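This report covers a sheet, an interface and the confidence of a predicted model. The sequence and structure come first.

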Amino acid sequence: MSLGIIIKKEIKELLTPGTILPVVVLSIVFGSMGNMIGGIEEDLGEKPLIGLINRDTGRYTSFITLFFNERATLVYNGTDNDTGLSQVEEKGGVALLIIPSNFSANILKNTSGVVEVHWVMEGAGIMDSISSGVVDTLISDMNYHLSRLLIEENVQINSSLILNPVSKNQTTVFKGKELPGVSPGAISSMLSSQSIMVPIVIMMIIIMAGGTVISSMGLEKENKTLETLLTLPVKRAWIVAGKIAGSAIVGLIMAIIYMIGFGYYMQSLTFSELDMQKYGLTLGWGDYVLVGLSLFMTILAGLSLCMILGTFAKNYKSAQTLTFPITGLAIIPMFLIMFKDFETLPLIGQIVLFMIPFSHPMMSMRSLMFDDYLLVIGGIVYVALFTIIAIAIAVYIFKTDRILTGRMKHKKDLKTFFTRIKAYRR
Amino acid sequence: MNAIEITDLVKKYGIFPAVKGISFQVKQNEIFGLIGPNAAGKTTTLRILATLLQPTQGSVTVFGFDVTNESSRIREIISYLPEDAGAYKNLTGLEYLEFIAHFFGQGKKKDAIVKKGEQIADLNDRIHTKVDTYSKGMMRRLLVGRALMIDPKLAILDEPTSGLDVRNAQEIRHIIKHSVSQGATVLLSSHNMLEVEFLCDRIALINNGYIVEGGSPSELKEKYGAKNIEDVFTQVVK
């Protein structure tokens, strides 16, 4: 009986709209995210979209034509490389396969038949390379069936070639850059440090620094120091700025300590050893400045948002609950960017990703490697605007009763807010 | 010029009116007591004067400065001691006084402020230990020191001796009296009627959001034929 009363009390205390709402919102968001990045089974089950240029006129030309017609959807079937490539790009194809004129002849002369693969890569997320994986499997199938055919026909070539008569010569076109001799999977792997490490670092910084600022507000209220602070002869804007700056420094220190450990862990995992410099996939000083600016603006945006959330904190315990929305907002872009590129997301996904300020530094390094300055600079401008608005709201809340009472007289307060902004401009 | 001018002050929290149109003045260099039962509107009034809350209606000025439009000027000349105030637990008492003093002066001026704060708090060596280790009485002494060390033109003290033993409370009362002798004006609220009678030049009784009585302690005792302010209080707030 007593136990029941205690359990009832605990549930009543813990199960509040404040604790349930973030979980419900997050579950809805993650559900939607699943739809955005989903479709993996469809990708695997469907015939891949490819372009085919078959210049071979030898013994196996009909086999090649029949094979690809059966197992793939041909978005181009002609003779011109440039037209073929543009058609594949336009129609969302994965690759242009070119069978050279000497394909059959080479095999019969004890040399591999080379298939030239021009990959059209749209994104470097983990799931973006699935389509190329399907085409890779297709080429392996072709190798297998041609091998069977050679055995059935009892063609007199050496035994290792008869088991592997087809080889690939591949070039990947990704975001306007041509990367000879590299597969999309290798590029994905090469960029995996950006796909995994950068979003995790940013997420940790946001969560650590954000948690600090929200907790700071909770502690001020719990220790009853806020009222004294607010009656000191210091501008409320400075109080907000001081809290944001202090929390940013503490958050960065905590994130650095965390990331040193995480960095060692990640080093133990092997990534591609492709030389990024060889393909021009490096960042210049200007690029690093943009990445830094994007990160700095995002931290400010996150902390300003946390400052607004912190005003809802009644004490340290309630402050911990309030970090939940920030954690969610940091995790969503992290997962989206890990699995998909901005360009390969559906429009709604792109809008969501762009609107969340934390996405921008996560995307910035990869975007700058492929000279996508518009997305990076546009992101910095958007996050700067977001930060200005969030700081203005935080300062405004600090100037109202809301900071102490938790109440807001919406109409009158909004009117006062705009009057103050006008007065400030003057 | 009066230190405080309050005219027809109304304060509502949402639809709930906490203060329902009060008016009173506090003269310069006097100790004015605002007394009343719990939830009468005392703390709300003090918070409005301390620029923490905005009035819903009415006019409130502190040394001629309007609380709504000139709050930053008011913060330069007041000191507010909330009833249940605390200090930053990771700081020592001295560090806390230094932190506050930074906002009121630099260099020698700051050092003088801190020294005065130390004297008022009178915590001896414990001023160098963390606030987290302080008893309730020590904490209150530190906070009174903090409130009065800056020589405010107006000190707003909400239950200044709340939670203190007899000896500590008496010392704090002497400190407040001394502060007024140095030129400060004090507005305080208290549930301790003996304290109010001992300290205040004038008092106002607030009940259910209204000022229901006001005057000097001797005037009020005479008017109600009471032996002390406690009797006046019980007669007025029935």
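## The sheet of chain B

In this predicted model, chain B has an open sheet of 4 strands, arranged in the order 2-1-4-5 with antiparallel pairing. Strand 2 (16-26) and strand 5 (65-66) of chain B are at the edges. Each of these two has a single partner strand, so one side of each lacks a neighbour in the sheet.

## The interface between chains A and B

Contacts between the chains involve 20 residues of chain B and 15 residues of chain A. On the chain B side, the elements giving two or more residues are helix 2 (71-77) and strand 6 (78-81) of chain B. Helix 2 of chain B gives the most, with 3 residues.

By residue class, the side of chain B that touches chain A consists of 11 nonpolar, 5 polar and 4 charged residues.

## Confidence in chain A

The mean pLDDT of chain A is 80. A pLDDT of 70 or more is reached by 84% of the residues of chain A.

Technical notes:
Residues are numbered from 1 along each chain as its sequence is written. Chains are lettered from A and ligands numbered from 1 in the order in which they are written. This is a predicted model: local features need pLDDT of at least 70, side-chain atom pairs count only at pLDDT 80 or more; totals for chains, interfaces and linings use all residues. pLDDT is the predictor's confidence in each residue, from 0 to 100. Two strands pair if DSSP finds at least two bridges between them. Two residues are in contact if their C-beta atoms, placed from the backbone, lie within 7 Å. Ala, Val, Leu, Ile, Met, Phe, Trp, Tyr, Cys and Pro count as nonpolar, Asp, Glu, Lys and Arg as charged, and the others, Gly among them, as polar.
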